[in-house]
Amino acid sequence: MSSLQEFLNTRLADRRAQQLYRQHKILAAAPGPLAVVDGRELITFSSNDYLGLASHPEVIAAQQRGALLGAGATASHLVNGHFDIHQQLQHKIAEVTGREAALLFGSGYMANVGAINALVGRGDFVVQDKLNHASLIDGGRISGAQYLRFAHNDLHGLERQLRRAREKSDGKILLAVDGVYSMDGDTAHLAEMAALCDRFDAWLMVDEAHGFGVMGSDAFPCAGSAAAAGLDQQSAPIVMGTLGKAAGNGGAFIAGSQALIDYLTQFARTYIYTTGMPPAVAAGCLRALELMQQEPLRETLQQRIAYFRQRATALALPLENSTSAIQPLVLGCEKTVLGVAEQLQQAGYLVGAIRPPTVPAGTARLRITLSATHSQAQIDGLLQALVAALKSSEVAV
Ligand SMILES: Cc1ncc(COP(=O)(O)O)c(C=O)c1O
């Protein structure tokens, strides 16, 4: 039997050898779209601050005023940590998402794990897309429900799994999917999925981490991908959204019927047994959501996405089928991805180098994310640097 130290050293050495070792990039500040790393200002294309709200002066001012309520919540929401500002934020989220009510969580990870575990357990089924975010996967695994997966966005595969689950049980079936896939940027086929849920009497849960604030319907333009697909509370009854991405802050929520929110308040362990969201964060988020509802932020983001895709296509870069703010370039080899990201950093651009196990083996990629704060000139600069880095790494474009 190896000692703890031997075990740790072996696993860490393996990670390094496979080019999969993860390291922090230490930021001194990030006034979007910049990030200060090692005393150098870089233009970041790796943040999820899609609307630039993380450094919006009005959000920061609201958060500073919110800190006067208390730097921390001082207890869990159900004990002594639920302030009026949390109530206001929950009402605002319900309004933005077009749902009856909403409940705040410490993070999207906690919201997904807590909601899935409160809703299904032993004897039930949870059905998931293979490319779902780790928090949905972990939530499903921990729940004890039978876990069925289908190939990414494969509606036939999903139908087979739903039929299989329904044939085995007349109990609960939860279908959980990312609305927008975090590493691919494409969207789930939500309208068809909702129809299948209807047919097999399953419940649809949509993770709006990357859809909330960015897309929606005419009536609810910031609500996310489910609204964009025409789904209302009846057809997409469980919506999870994060406040750490387009809202530029931290925390998350589940939105849905009043009964769902009442139920999760009673049964979601990751809501009950943890300290409440700091009131200052709630105050910052509230202002961010008010700003999010106003144009031209979303419109500018859509223009930047379209511009990036048009320019990248002209340069014959291998784009994926994504119209969201996430624009990956799948290069395959971990070492190449690391090398290109490093060259981009030297040229002044920060881009995520995403490798397994975050993405499937053989699909290492650069994850380029766009923001309303990017200028067209910054996008041009990135693409120029990218073409040069790919050429010097002998990647054919
Ligand atoms: C699709 C998806 N779901 C959930 C999460 C977790 O959200 P949070 O960062 O708030 O924990 C993330 C990102 O981190 C994500 O990309």
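How many nonpolar, polar and charged residues does the shell around the ligand have? By class, the shell has three nonpolar, eight polar and three charged residues. This report starts at the ligand, then turns to backbone geometry and to one strand residue. The model is predicted.

## The ligand and its shell

The ligand is surrounded by 14 residues. G108, Y109, D207, H210 and K245 are the closest of them.

| Residue | Atom on the protein side | Distance to a ligand oxygen |
|---|---|---|
| G108 | polar backbone atom | 2.7 Å |
| Y109 | polar backbone atom | 3.0 Å |
| H210 | N or O atom in the side chain | 2.6 Å |

How much of the ligand does the protein cover? On its own, the ligand has 380 Å² of accessible area, and the protein covers 81% of that. Two elements give two or more residues to the shell: α4 (108–119) and β9 (238–242). Helix α4 gives the most, with three residues.

The UniProt record, an unreviewed entry, also has something to say here. Under "binding site", UniProt lists G108, Y109, S182, H210 and T242. These positions span 135 residues in sequence, yet no two of their C-alpha atoms are more than 13.4 Å apart, so they gather at one spot.

## Two of the listed residues

Y109 is found in helix α4. Is Y109 buried or partly exposed? Its relative accessible area is 39%, so Y109 counts as partly exposed. Leaving out residues up to four places away in sequence, Y109 touches S135 and D138.

H210 sits in the loop between β8 (203–207) and α8 (225–228). H210 is buried, because its relative accessible area of 6% is under the 20% cut-off. Which residues does H210 contact, leaving aside neighbours within four places in sequence? They are N48, Y50, V180, S182, K245, I326 and R367. With Y50 there is also a polar contact, side chain to side chain, at 2.7 Å.

## Backbone geometry

Most residues other than glycine have a negative phi, and most peptide bonds are trans. Some places in this model depart from that pattern.

Take the peptide bonds first. E295 and P296 are joined by a cis peptide bond, with omega about 20 degrees. P296 lies in the loop between α11 (279–292) and α12 (297–314). Another cis bond runs from P356 to P357, and its omega is near 5 degrees. P357 is in the loop between β13 and β14 (364–369).

Now the phi angles. N153 is not a glycine, yet its phi is positive, near 60 degrees. D201 is not a glycine either, and its phi is positive at about 55 degrees. Both residues are in loops. N153 lies between β6 (146–150) and α6 (155–168). D201 lies between α7 (190–200) and β8.

Which of these residues is buried, N153, and which is exposed, D201? The accessibility values settle the matter. N153 has 11% relative accessibility, so it counts as buried. D201 has 55%, so it counts as exposed. The surroundings of N153 can be listed too. Not counting residues up to four places away in sequence, N153 touches D129, D186, T187, A188, H189 and M193.

## A residue in strand β13

The last stop is A353. It is in strand β13 (residues 352–354). Is A353 buried or partly exposed? At 21% relative accessibility, A353 counts as partly exposed, because buried means under 20%.

A353 touches V337, L338, A341 and R365, again not counting residues up to four places away in sequence. T44 is 309 residues from A353 along the chain. The C-alpha atoms of A353 and T44 are separated by 13 Å.

Terms used:
Residues numbered from 1 in each chain as written. Predicted model: local features only at pLDDT ≥ 70, side-chain atom pairs only at ≥ 80, totals over all residues. Heavy atoms only, no water. Helix = DSSP H or I, 4+ residues; strand = E, 2+ residues; numbered from the N terminus. Buried < 20%, exposed > 50% of the residue type's maximum accessible area, 1.4 Å probe, protein only. Contact = heavy atoms within 4.5 Å. Near = heavy atom within 4 Å. Polar contact = N/O pair within 3.5 Å; in protein donor to acceptor, adjacent residues only side chain to side chain. Areas by Shrake-Rupley, 256 points an atom, 1.4 Å probe, with all protein chains shown as cover. Nonpolar A, V, L, I, M, F, W, Y, C, P; charged D, E, K, R; others polar. UniProt positions renumbered as here; feature names shortened; annotations may be inferred.
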